[in-house]
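Good morning, and thank you for joining this meeting. Please look first at the sequence and the structure that I am about to show.

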Amino acid sequence: NTLLFARWLTAAVVFALRVLCFLSRTDVATVTPWLAPVVWEGTFEPELLDGVYRQKNVSIAVTVFAVGKYIRFLKDFLETAEQHFFVGFKVHVYVFTDRPAELPKVEMAAGRQLTVHPVPAAKRWQEISARRMEMIQRLIEETLLPGTDFIFCLDVDSKFHGRWGAESLGSLVAVVHPGYYKTERGGFPYERRPASRAYMAPGLGDFYYCGGAFGGDLHEVRLLAKTCRENFEADAKEGIEAAWQEESHLNRYMWLNKPSKVLSPEFLWQDFKPREREIHVVRFSGVVKNYAEIRPN
Ligand code: UD2
């Protein structure tokens with residue numbers, strides 16, 4: 001009897017620990033000061049969440065730009081998205097490229113599709129990042145509204161390694177940049193020149209978000225893209241380009257319009273960075289690339 005009781009007690013303790021570990025994280029912040037969740041592995045129940053959104057039959061659009069030599073990253077991006085990104089959901093990938101003839105052949109599961117939007121080649125790499133917002137805005141206005149529920153805008157030089165699903169859905173969604181999640185706000189690489197519309201004064205800021213992944217519902221992302229694009233263009237007319245192009249404008253926007261959900265750096269890691277203790281799973285990460293070789297100039 002004593003042995004049985006000891007076994008039962010051990011099993012109960014292990015179970016309780018599992019439940020506690022599963023739905024809580026004490027090593028990282030899991031909620032923002034404006035009460036938006038910060039999504040880390042261990043803070044949600046994947047099956048339950050997928051079930052909730054599957055019932056609503058939600059559809060998800062993805063934009064990805066593959067201009068110039070960046071077309072070489074598209075195959076891995078698409079293949080790994082098939083394995084990990086919203087598996088079992090309606091997903092429509094919109095590829096913007098100047099090289100439609102080089103589009104890789106990737107088999108897509110039922111309910112998933114891909115559309116190519118031809119774009120002109122770029123002379124400067126900064127141009128591409130600047131034009132993304134304009135094209136995202138136009139895609140939403142001319143093609144996606146009404147009908148699509150959510151959109152994610154992702155960098156192509158990346159791969160999925162782990163589940164990215166319904167836990168990421170929200171009206172305005174930002175991803176914490178993997179390079180700055182442990183940095184004090186004074187060290188964030190915001191645009192610091194007051195002449196730019198992306199300006200962030202010292203002492204301001206919540207997180208430093210990355211330009212390589214953001215999303216939300218169509219209305220919110222349309223507004224974000226439109227605002228960033230207008231501010232970028234107004235800056236350009238005055239001869240100023242923000243330190244990190246649209247990423248700087250996105251950071252300013254997210255400061256003024258707090259995201260309703262913040263995704264941890266698990267949702268955009270960088271392959272060159274050694275994995276850190278807090279990162280229990282890498283869901284999506286940027287591949288190592290040779291900027292000098294791959295960019296137009
Ligand atoms: C960072 C951001 C990126 C953007 C950029 C701003 C992350 C992880 N990355 O990345 O999103 O904010 O800084 O300067 O947050 N592209 C092409 N062809 C090109 C150049 C770029 O298609 O010749 C597209 C492509 O989709 C690429 C994206 O633009 O993924 C961003 O360009 P990048 O990867 O060269 O920028 P990077 O790594 O400095």
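I shall speak about the sheets, then the helices, and finally the ligand.

The model is predicted, so local features need pLDDT of at least 70 and side-chain atom pairs count only at pLDDT 80 or more, whereas totals for chains, interfaces and linings use all residues. Residues are numbered from 1 along each chain as its sequence is written, and side-chain values use heavy atoms, with hydrogens and water left out.

Let us begin with the sheets. Helices (H or I, at least four residues) and strands (E, at least two) are DSSP runs, numbered from the N terminus. Two strands pair if DSSP finds at least two bridges between them.

Strand β1 runs parallel to β9 (residues 261–263), with 2 bridges joining them. Here Val 39 stands opposite Leu 263 in β9.

Another open sheet has 3 strands in the order β6-β11-β10, again with mixed pairing. At its edges are β6 (158–160) and β10 (269–270), each of which pairs on one side only. Strands β6 and β11 (residues 284–286) run antiparallel and are joined by 3 bridges. Within β11, Ser 285 is the bridge partner of Lys 159.

I turn now to the helices. Axes are lines fitted to C-alpha atoms, for helices over the stretch in contact, and angles run from 0 to 180 degrees between N-to-C directions. Contact means heavy atoms within 4.5 Å.

Helix α3 (residues 74–84) lies across β6 and β11, at about 20° to β6. Which two helices have axes that come within 7 Å? They are α4 (residues 125–144) and α6 (residues 245–256), and their axes cross at roughly 40°. Residues of α4, including Trp 125 and Arg 132, meet residues of α6, among them Gln 245 and Leu 250. The residues of this contact divide into 3 nonpolar, 3 polar and 2 charged.

Finally, we come to the ligand. A polar contact is a pair of N or O atoms within 3.5 Å. An oxygen atom of the ligand is 2.6 Å from a side-chain N or O atom of Asp 157. A backbone N or O atom of Val 67 lies 2.7 Å from an oxygen atom of the ligand. Taken alone, the ligand exposes 710 Å², and the protein buries 95% of that (Shrake-Rupley method, 1.4 Å probe).

Definitions and conventions. A polar contact is a pair of N or O atoms within 3.5 Å; within protein, one must be able to donate a hydrogen and the other to accept it, and residues adjacent in sequence count only if both atoms are side-chain atoms. Ala, Val, Leu, Ile, Met, Phe, Trp, Tyr, Cys and Pro count as nonpolar, Asp, Glu, Lys and Arg as charged, and the others, Gly among them, as polar.
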